[in-house]
Amino acid sequence: MAKVAFIGLGVMGYPMAGHLKTRGGHELTVYNRTAAKAEKWASEFGGTAAPTPKEAADGADFVFCCVGNDDDLRQVTLGEDGAFQAMKAGAVFIDNTTASAEIARELAAEADARGFAFLDAPVSGGQAGAENGQLTVMVGGSADTFKRAKPVIDCFAKMVGHMGEAGAGQLTKMVNQICIAGLVQGLSEAVNFAQKADLDVEKVIGVISKGAAQSWQMENRWETMRDGTFDFGFAVDWMRKDLSICLAEANRNGAQLPVTALVDQFYADVQAMGGSRWDTSSLIARLDRK
Ligand code: NAP
């Protein structure tokens, strides 16, 4: 049992912190910007709510964090009341936010200078994966730190991979999002085409999902895409944040992402349709917009 802190009890962080307590049996201190959520978590799971990230991190062996973007992450780590001001020597800060590789490297260097370790550890699997404790976690950082932290991360994950040095976790998450962007657009066009061709979409998917076109998105999203319901987790606003990180990184490393760039613009269309909070499969709605 370790002393664990968790910063950011959003859609993802709330259940992830819960698994650290219920499955891991760890002693938890949580922080959330909107304090009522931290109080609710503490009364539901049994733990302590701290008023600042700094106080949450004080004395902890492992500090997890799952906030929105680079700026939020900078605030809860390096800010005046940030966790980095109180991390004890030898502790590990594990960031589950989807952020840039640059900030991961910056925070890893900062942690090193202050005598503790940093892992960038973005997740995939969505709200359902967080609630079921079945996330995929892509980790960047030193092999030794990874080895120490893995049994704790395992509490909310079905797959935890060490991808390389600082930033490699975020880079792997970018690869994941590049895959999803093109795939969801392809699936949107396919389902829309099947509808226009007066095919029975259920029958079509029942057959082709057993062949080479199969994917997680197909298995899990075809029905809601056909029915035009888009409230199943990962929001378009978040996806655009992630794709902007991918496109900026590609600018630096010279990779070509023509389809990803196009799909990013398609998501901008969905935002303009009022779909900022719709899930990522809402690309199909754009095909029938007036
Ligand atoms: P969310 O529900 O919006 O939660 C964000 C959390 O971060 C909230 O606890 C929020 O506090 C806190 N926060 C944001 N900015 C902050 C700041 N400047 N200072 C302090 N706290 C701050 O988001 P989420 O869906 O859990 O996603 C969190 C991260 O995981 C994002 O990077 C997202 O891209 C990634 N992710 C999400 C999913 C998904 O399906 N949702 C899947 C994979 C990865 P308040 O409660 O006060 O707002």
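Visitor: Happy to be here! Is Asp288 buried, partly exposed or exposed?
Guide: Welcome! This is a predicted model, and the answer comes from computed accessibility. Buried means under 20% relative accessible area and exposed means over 50%, with partly exposed in between. Because its relative accessibility is 37%, Asp288 counts as partly exposed.

Visitor: How many salt bridges does a search of the whole structure find?
Guide: The Asp288 and Lys196 pair is a salt bridge, and so is the pair of Arg74 and Glu106. Glu102, Glu249 and Arg252 are linked in a network of salt bridges. Searching the whole structure gives a total of 14.

Visitor: How far apart are the closest N and O atoms of Arg74 and Glu106?
Guide: Both residues are partly exposed: Arg74 has a relative accessible area of 31%, and Glu106 has 34%. A salt bridge needs a side-chain nitrogen of Lys or Arg within 4 Å of a carboxyl oxygen of Asp or Glu. Here the closest N and O atoms are separated by 2.7 Å.

Visitor: Which helices hold Arg74 and Glu106?
Guide: Arg74 and Glu106 form a salt bridge. The pair ties together parts that are 32 residues apart in sequence, because Arg74 lies in helix H4 and Glu106 in helix H5 (residues 101-114). The names you want are therefore H4 and H5.

Visitor: Let's turn to Asp264 and Arg240. Which of the two counts as buried?
Guide: These residues form a salt bridge, with the closest N and O atoms 3.1 Å apart. The pair links helix H12 (residues 258-272), which holds Asp264, with helix H11 (residues 236-253), which holds Arg240. Arg240 counts as partly exposed at 23% relative accessibility. At 7% relative accessibility, the buried one is Asp264.

Visitor: Where is Asp81 found?
Guide: Asp81 gathers with Glu55, Asp58 and Glu80 in a patch of negative charge on the surface. At 43% relative accessibility, Asp81 counts as partly exposed. Its place in the chain is the loop between helix H4 (70-78) and strand E5 (92-95).

Visitor: What separates the C-alpha atoms of Thr136 and Asp154?
Guide: Thr136 lies in strand E8 (residues 135-140) and counts as partly exposed at 25% relative accessibility. Thr136 and Asp154 are 18 residues apart along the chain. Their C-alpha atoms are separated by 9.7 Å.

Visitor: Finally, what radius of gyration does the chain have?
Guide: The chain contains 13 helices and nine strands, and buried residues make up 50% of its 290 residues. Along its principal axes, the C-alpha trace spans about 65 × 45 × 35 Å. A compact globule with 290 residues would have a radius of gyration near 19 Å, and the chain agrees with that at 20 Å.

Definitions and conventions. Residues numbered from 1 in each chain as written. Predicted model: local features only at pLDDT ≥ 70, side-chain atom pairs only at ≥ 80, totals over all residues. Heavy atoms only, no water. Patch = residues over 30% accessible without salt bridge, like charges linked within 9 Å, V, L, I, M, F, W, Y side chains within 5 Å. Areas by Shrake-Rupley, 256 points an atom, 1.4 Å probe, with all protein chains shown as cover. Lys, Arg positive; Asp, Glu negative; His and termini not counted. Charge placed at Lys NZ, Arg CZ, Asp CG, Glu CD. Helix = DSSP H or I, 4+ residues; strand = E, 2+ residues; numbered from the N terminus. Buried < 20%, exposed > 50% of the residue type's maximum accessible area, 1.4 Å probe, protein only. Rg over C-alpha atoms; globule rule 2.2 N^0.38 Å.
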